[in-house]
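Biologist: I would like to learn how to read a few backbone and helix features. Can we take them one at a time?

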Amino acid sequence: MRGRRVAPCLSRSRFCLRGFIGMATEGGGKSFARRDRLLEIEAKVQTWWTENDVFRAESREKSPQPGEKFFGNFPFPYMNGFLHLGHAFSLSKLEFASAYHRLRGANVLLPFAFHCTGMPIKAAADKLAREMKQFGDPPVFPREVEEAENQEPEPKDQNAPESAMKDKFKGKKSKAAAKSGGQIFQWEIMRSLGLSDSEISKFQDPYNWLSFFPPLAMEDLKVFGLGCDWRRSFITTDMNPFFDSFVKWQMRKLKSMGKVVKDLRYTIYSPLDGQPCADHDRATGEGVQPQDYTLIKMEVVAPFPPKLGSLEGKKVFLAAATLRPETMYGQTNAWVLPDGKYGAFEINETDVFILSERSALNLAFQKFSRIPEKPTCLLEISGHDLIGLPLKSPLSLNKIIYALPMVTILMDKGTGIVTSVPSDAPDDYINLHVLKTKPAFRQKYGVKDEWVLPYEIIPIINIPEFGDKSAETVCKDMKITSQNEKEKLTEAKQKTYLKGFTEGTLLVGEYAGMKVQEAKPLIRNMLIETGEAIMYSEPEKRVMSRSGDECVVALTDQWYITYGEAEWKKLAEECLSSMNLFSDETRHGFEHTLSWLNQWACSRSFGLGTRIPWDEQFLVESLSDSTIYMAYYTVVHLLHNGDMYGGSTSIKPEEMTDEVWDFILCSGPYPESSKISPSILKQMKQEFQYWYPFDLRVSGKDLIQNHLTFSIYNHTAIMRREHWPLGFRCNGHLMLNSEKMSKSTGNFKTLRQAIEEFSADATRFSLADAGDGVDDANFVSETANAAILRLTKELAWMEEVLAAESSLRTGPPSTYADKVFLNEMNIAVQLTGQNYANYMFRDALKTGFYDLQAARDEYRLSCGAGAMNRDLLWRFMDVQTRLITPICPHYAEHVWRELLKKDGFAVKAGWPVADPPDLQLKSANKYLQDSIVLMRKLLQKQLFGSKKTNKKGTPTPAPSASLSEAKIKGLIYVNEQFEGWKADCLNVLKSKYDKASHSFAPDSEILNALKETSDEVSRDFKKMQKICMPFLKFKKDEALSLGVHALNLKLPFGEIEVLRENLDLIKRQLELEDVEVLSASDPASVSKAGTLASLLQQSPPSPGNPTAIFLV
């Protein structure tokens, strides 16, 4: 274990990227006063929280009832740099959820720790040391540049990520960078973080990273406003002796249960690091697994051609990797890439394999090389030189086959040598067909007729749908004639390979008559046992380690955790079935991972971490020391005394024995021999039993395939059933302004940069708005800037209202507008509570902020000359402050204490109490607002005429041109109930609606019922059917979207009453002298329209749709 180092005492603001610093200063006429005010408020509020220890979480003796406590956590970030917006996005989900539960009165624990285990820090430190040794201290790197435009484009790597391909063609790169494979120097990376050369040199010691970055991350999170109990923070590795003790206990516990074993297994491996490369050790290729092949040994028949003369006396084989050993009976030839680069590699004293260099390296790490882990190439050779080689291939019904050219072979997959079975492989069929039918193609590659023409398709597998020559059948059916029809060939392969495996029957060989899926493993084993094939494995896709080298698959003897073991898997599935995962996609992801996850290499020989206690040459790898550390959060404050590195307390690290950990975390017997005070032991056990199980773990969805599933497995093995996890909430990645976040493209922002540019609350606001599903979310800078404006304008409005308190109307809410506004606040409280509870934070922002502000603005407009109600505005400020608190806590705290002069803290103010929403009043107000919009359109139409042209092509004139020059009176005609054929339609629809299935009977059944209603409908049903159908469709759609109440004959409120109660609002909104609300069924009322009464015939009012007529 290394001694603890103290983090350098440096100004945090130095570590902004240089290009960003200017954004935080005013200049060029742009003011940052609003942003700066938010920053000032945030600094003040954070001081309040710190002084009052607001987020300190303490257990209680009595076990909590459901809802009384909330323990949420987040995968600790890796400490090789600063936290960025991607970290903040996932973390914000936990922060908002915790803040909501705290607001509702729950006892909330949100802890945070820092991950330092693994190889990235050690690799970066070693890289710095190498650069200093090669280029000096400080290093002087070569600065010659090369124009990328003058370079030959590199061949496209099919497995390279898109971002890597873009990086290959940047405008310039230094010669030093070019020599290092296009990777930037580690020293330059450190400089980009704002570190000076004298400081950077210290980072060649990996433990300096551990003392430097975690305190800065903690500072960033405090400025972000994270509601964390910082007493419970810690770092991993043996630098923290208490956590080291915890991990050793966990590993010994697993081993004693038979869940850690030593075994010889295929694993992704970094040759440069000399150890397995797990997901978190990879720069690219996370989640990639070994792909197993059968390597067919196709013996080259002597005499050898001159190019292979140096290999005389050895057994030489073309080594072809196949996933379908059962098809080897149908070989007609082998394929090679004419321009491919191959080598003849020594496998042992006698055997030589011809294959690609990449596959030879994989084999060397699988104990198939004369010199272990170092492939020995006796001869470099091209694919052209292999064409025409006579071969004896295992199981082939042809005694001799030949190596032939195929131009579509990929050298980064398999060995570059491909078997050819044209009966069942569409690619093989088409390529052989082209060679047979095109002499010019044969001539181009020097292919002799006798190597091709005598060879016919050999039926080896019968597939009911495709017969015994499936590739030929499918290619002809799909009209595939060329090897260049890649998409069609891919589809053809999917058809034949799947059907061949699931439904095919073998026609030849000793397993003839057997189903392919049964014969396949038997044939594979037979080939290996007879020495005609070997096992071969390689990464499914390209994997690059963080040290910068391409990984292979190695056969390693090391320690494994036995994930996938049948009984353990059942427990994991049982745990998963009871968890809240918040989305079907997340559940499917876990189910898929459980279906394939197998033994996991848990030991490493390089990096930082905890030593495997029974085999100290190895370290516990980074995904294996982070599976149940959530339990460590419950007791860490009693061990560390507030020091994340595990500082001195009354307890010594060596006193945390296995018996003590068992007592605290597994309800083991009291450790009689322990020197720890019984009261402290009791307190630690109380802490664990009070907080566990944790309620929520928030994470990016990419951790489903490893860390999160490992956590389920380990909890079920070590913890009692009542302590299994309750919920995981997974999210997608975060884009920045609709583009992928990437340091290489510059579209990247650290958490500190975002806070300095926008403020913490505006950053949190934009994170809440970014999205809540498992799809990728989007942080939009414009949203953050708009939040700055909204929040500061709202502060100004509240200050104005408070200053003008005497001008406000007093007394209880009495007007229609008062009642609507109060109801809107009740609705906001209910909906926002539901959205927070479901962790739908964008929706919570909408209902608790945007919609609430819109309701306030509408209320202000509705009150007109009459003042707004004081109590309602105070209620609004109180409610809005509480509802926005989880997302913008600094803003809310300032309003709570400074403006509203309330006691305590907004973060613990309690959820606002509200009456049940009056949905009828909500509906009535929507009717009112919609009606005003409709009447405004009708007024414009009567004032200025219709924009539609008549038959002569001229605009329709306004009915009364004089309206625009006089004071206008409005007559609003209402028909509160459907009558006649419309009433018949609605009654029929009601009778044909199934509430259980929320669906209607077929249209034919509805029309038959309608035909039997009134004489008005049945008299000329064909004519009435044309009239009724649009109305029927409209009301059906309305009922399906709004509910069956849409089929009622009248609205649930009196339309005339609502409109008359709001005449003043209507007059002001439409700028009318006078307004009357009239019944369209009253002849006397209709006569008031005079000559314009015809408009009531053209646009008759119906429930929910009044008709307005405007007169001088």
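Biologist: Is glutamate 1071 buried or exposed?

Modeller: Glutamate 1071 is exposed, with a relative accessible area of 71%. Keep in mind that this is a predicted model. The cut-off for exposed is over 50%. Glutamate 1071 sits in the loop between helix H38 (1063–1070) and strand S33 (1074–1079).

Biologist: What is the phi of glutamate 1071?

Modeller: First the general idea. Most residues other than glycine have a negative phi. Now the case here. Phi of glutamate 1071 is near 55°, a positive value.

Biologist: Where does asparagine 641 lie, and what is its phi?

Modeller: Asparagine 641 is in the loop between helix H21 (636–640) and helix H22 (658–665). Its phi is positive, about 60°, and it is not a glycine. Asparagine 641 is exposed too, at a relative accessible area of 58%.

Biologist: Next, peptide bonds. Which bond joins aspartate 137 and proline 138?

Modeller: As a rule, most peptide bonds are trans. The one joining aspartate 137 and proline 138 is cis, with omega about 0°. Proline 138 belongs to the loop between helix H4 (120–135) and strand S3 (145–147). Look also at tyrosine 692 and proline 693: their peptide bond is cis, with omega near 5°. Proline 693 is in the loop between helix H23 (678–691) and strand S25 (696–700).

Biologist: Now a helix. How far apart are the end C-alpha atoms of H19?

Modeller: They are 19 Å apart. H19 has 13 residues, 584–596, so at 1.5 Å a residue it should span 18 Å, and the two values agree.

Biologist: Which residues of H19 are buried?

Modeller: Thr586, Phe590, Thr593 and Leu594. Seen down the helix axis, the buried residues of H19 fall within an arc of 100°, so they line one face. The general idea: an α-helix has 3.6 residues a turn, so residues three or four places apart point the same way. On the other side of H19, Asp584 and His592 are exposed.

Biologist: What do the buried residues of H19 pack against?

Modeller: Three elements take part: helix H18 (566–577), helix H24 (704–718) and strand S26 (728–731).

Biologist: And the whole chain: how many helices and strands?

Modeller: The chain has 40 helices and 34 strands. Of its 1112 residues, 54% are buried. Its C-alpha atoms fill a box of roughly 115 × 85 × 65 Å along the principal axes. Among contacts with a separation of 6 or more, 76% join residues 24 or more positions apart.

How values were computed. Residues are numbered from 1 along each chain as its sequence is written. This is a predicted model: local features need pLDDT of at least 70, side-chain atom pairs count only at pLDDT 80 or more; totals for chains, interfaces and linings use all residues. Side-chain values use heavy atoms; hydrogens and water are left out. Helices (H or I, at least four residues) and strands (E, at least two) are DSSP runs, numbered from the N terminus. The expected span of a helix is 1.5 Å times one less than its number of residues. Buried means under 20% relative accessible area, exposed over 50%, partly exposed in between (1.4 Å probe, protein chains only). The arc is that of the directions from the helix axis to the C-beta atoms. Contact means heavy atoms within 4.5 Å.
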